[in-house]
Amino acid sequence: MRNRDRTGFHLPPGRPRLLASLRVFASVRDRRKGFLVAGGAVFPCALGRSGIGTLKREGDGRTPRADLPLRRVLYRGDRIGRPLSLLPLRIIGPRDAWCDDVADRRYNRLIDRPPGEAEERLTRHDHLYDVIVELGWNDAPVVRGRGSAIFWHLVRQGFTPTAGCVAVERHVFAKVLPRLARRCVMTIC
């Protein structure tokens, strides 16, 4: 009889092997769409409106070509249950925002902002940020203007482009998050 984990993946007998890396690459037909490779599984994903690029600037719509460590999982506790993951977890609150203001000393960081103020709000009316994996882009050290809020998050219907993030369907998170090693890296190539 086959063994299954909580996500429905069939597992070999014993403990499942954790994934130390994920790979993302663009489609040859549309550079704004691509594929996420997790172990032997391949999932469609949406990429930035300008595709993947090596030179990244704030607001350019590029998904950065880089090896990005997965920092932590942020999630809407009012919409979904606690994700299964070895990555650090944090519930998104109503005052949570991501600073994309290049003039602010807190640029490219999670900040506390009263609702309504301009920033990248994490409590959205749509479901894009119900689950977010913070990707380690421009954070060690932070360089103002080099790009902020590069996340792995949920996709819009039709896989429309992101502002520079990687986006997948909800079921992908349910399948992949429990399999990620604590120091997993997403390679965008």
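Trainee: How many disulfides does a search of the whole structure find?
Mentor: This is a predicted model, where local features need pLDDT of at least 70, side-chain atom pairs count only at pLDDT 80 or more, and totals for chains, interfaces and linings use all residues. Numbering runs from 1 along each chain as its sequence is written, and side-chain values use heavy atoms, with hydrogens and water left out. A disulfide is a pair of cysteine sulfur atoms within 2.5 Å. The whole-structure search finds zero.

Trainee: Which cysteine sulfur is nearest to that of C45?
Mentor: C45 is in no disulfide. It is buried, with a relative accessible area of 1%; buried means under 20% relative accessible area, exposed over 50%, partly exposed in between (1.4 Å probe, protein chains only). The nearest cysteine sulfur is 11 Å away, and it belongs to C189.

Trainee: Is C99 buried or exposed?
Mentor: C99 is in no disulfide either, with the nearest cysteine sulfur, that of C165, 15 Å away. At 0% relative accessibility, C99 counts as buried.

Trainee: Which residues does L180 contact, leaving aside neighbours within four places in sequence?
Mentor: Contact means heavy atoms within 4.5 Å. L180 is one of the residues with the most contacts inside the largest core. Its partners are L18, L19, L22, L70, L86, L87 and W152.

Trainee: In β4, which residue is the bridge partner of V24?
Mentor: Strands (E, at least two residues) and helices (H or I, at least four) are DSSP runs, numbered from the N terminus. Two strands pair if DSSP finds at least two bridges between them. β3 (residues 19-26) pairs in parallel with β16 (residues 180-188) over five bridges, and antiparallel with β4 (residues 33-38) over four. The β4 partner of V24 is L36.

Trainee: Which strands stand at the edges of the open sheet of three strands?
Mentor: The order is β11-β10-β12, with antiparallel pairing. Each edge strand has a single partner strand, so one side of it is left without a neighbour in the sheet. They are β11 (110-112) and β12 (120-121).

Trainee: Which residue in β11 stands opposite D96?
Mentor: Strand β10 (residues 96-98) is joined to β11 by three bridges, and the two run antiparallel. Opposite D96 stands D112.

Conventions:
A nonpolar core is a set of buried Ala, Val, Leu, Ile, Met, Phe, Trp, Tyr and Cys residues joined through side-chain atoms within 4.5 Å.
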